[in-house]
Amino acid sequence: MAEHPHANRRSPAPRDASFPETFREAVVRRGLSLERIHERLREQGIRISLASLGHWQSGRSQPERRSSLLAVDALEEILLLPSGDLRSRLGPHRPRGRFSPKLVGVEQFYGEDSLFERALGREDAAHSEHITRQFVHESVRVNRDRRMYCQSVYQVARANRDGVTRLSDLHCLDEAPASVDIVMHSGVLRGLDFQPAWKTVVVDVSFGRRLRKNETAAVHYDVIFDPKGEAAVCHERRTRVNLRGYLLHVYFDAEAAPLTCHSYFREKADATKSRARPLMLDPSHSAHTLVMPCPVGVHGMSWQWPD
């Protein structure tokens, strides 16, 4: 593929474009092959394998090491992209080697005197550090009135010490529903605390036994809402610990499909959204996002309704 000799530095790609998407589009627009780009990097003394460039372009891996980030800076010059455009689209660092959960403190993640602590209570907030979630799967259902009416939560958790008997889950809602009910599939409902003023639901689940250290338990329940208020426009999961994986699956009514859907990430509870990526609706009128492995932060999906 011949290089375009008179190409000028272009404006940034759309803000919601991912690193692989921006990289691929810039390569095509510039008229360069990966082999030629590889040669240009070598001419600058930057040694990145051709295979790595291919993996970056496909999304199979992303630049993280210092030498790789220097290559990204050089790529912006070679591909005539604005300075920092490629770097700004990199996702969170991916854990390497054996999975090792790392817990971020409540105040560091949520801030001082947070809604998390007020809704759970300090004792339960402290107890949450005795059990570590490994994998979380959430399914959300939105009705034809564009309101969320059901949230199904399946999670696998591991005890960090002997004697752990339960876990508590906090659900933050966009709008306070008229009522909330819980349907248990796995685990025993120990308590439900619905706080309409705070728009929160705390679900306390018992394992029915005492776990030994490193033993796992599976919990599965549905939160059923009597929806009211404004149309739902997003759903997100806040995690203070890195997970093996997080799957969010949102089902829309066939008569009320959104125009677009995007996944997004926030580094902590009060951070702004970043790394938005478009998602496609499938034939069942649903969209999903899978983060695997899943770093500490806020992972969500937003959607836009037609006028």
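Author: Residues are numbered from 1 along each chain as its sequence is written, and side-chain values use heavy atoms, leaving out hydrogens and water. As the model is predicted, local features need pLDDT of at least 70 and side-chain atom pairs count only at pLDDT 80 or more, while totals for chains, interfaces and linings use all residues.

Reader: Is the crossing of H2 and H4 left-handed or right-handed?

Author: The crossing of H2 and H4 is right-handed. A crossing is left-handed if the near helix is turned anticlockwise from the far one by less than a right angle, and right-handed if clockwise.

Reader: Which residues of H2 and H4 make the contact?

Author: On the H2 side they are Ile37, Arg40 and Leu41, and on the H4 side Ala71, Ala74, Leu75 and Ile78. Contact here means heavy atoms within 4.5 Å. The set divides into six nonpolar, no polar and one charged. Ala, Val, Leu, Ile, Met, Phe, Trp, Tyr, Cys and Pro count as nonpolar, Asp, Glu, Lys and Arg as charged, and the others, Gly among them, as polar.

Reader: Turning to the rings, why is the pair of Phe19 and Phe23 called tilted?

Author: Rings of Phe, Tyr and Trp (its six-membered ring) pair if their centres lie within 6.5 Å; planes under 30 degrees apart are stacked, over 60 edge-to-face and the rest tilted. Three aromatic pairs pass this rule. Phe19 and Phe23 are at 6.1 Å centre to centre with 50° between the planes, which gives a tilted pair. The two are four residues apart in helix H1 (residues 19–30), so about one helical turn separates them.

Reader: How do you know whether Phe19 is buried or exposed?

Author: Buried means under 20% relative accessible area, exposed over 50%, and partly exposed in between (1.4 Å probe, protein chains only). Phe19 has 2%, so it is buried, and Phe23 at 0% counts as buried too. Over the 307 residues of the chain, 47% count as buried.

Reader: What makes Phe252 and Trp305 an edge-to-face pair?

Author: Their ring centres are 5.9 Å apart and the planes stand at 85°, so the pair is edge-to-face. Phe252 is in strand E9 (residues 245–252) and Trp305 in the segment after strand E13 (297–304), so the pair ties together parts 53 residues apart in sequence. Phe252 counts as buried at 5%, as does Trp305 at 13%. Ring pairs also bring in Trp303, linking it with Phe252 and Trp305 into a cluster.

Reader: Why is Arg141 said to have its charged end over the ring of Tyr251?

Author: A charge sits over a ring if NZ of Lys or CZ of Arg is within 6 Å of the ring centre and within 35 degrees of the ring normal. The charged end of Arg141 is 4.2 Å from the centre of the Tyr251 ring and sits over that ring. Lys273 does likewise with Tyr264, also at 4.2 Å.

Reader: How do you know whether Met280 is buried or exposed?

Author: Met280 has a relative accessible area of 71%, so it is exposed. It is in the loop between strand E11 (274–279) and strand E12 (286–291). Beyond its neighbours within four places in sequence, Met280 contacts Ser286 and Ala287.

Reader: And what makes Leu80 and Arg146 worth a look at phi?

Author: Most residues other than glycine have a negative phi, and most peptide bonds are trans. Leu80 has a positive phi, near 60°, and Arg146 has one near 70°. Leu80 lies in the loop between H4 and helix H5 (106–110) and is buried at 13%. Arg146 lies in the loop between strand E1 (131–142) and strand E2 (148–159), and at 26% it counts as partly exposed.

Reader: Which kind of peptide bond joins Met292 and Pro293?

Author: That bond is cis, with omega about -5°. Pro293 is in the loop between E12 and E13.
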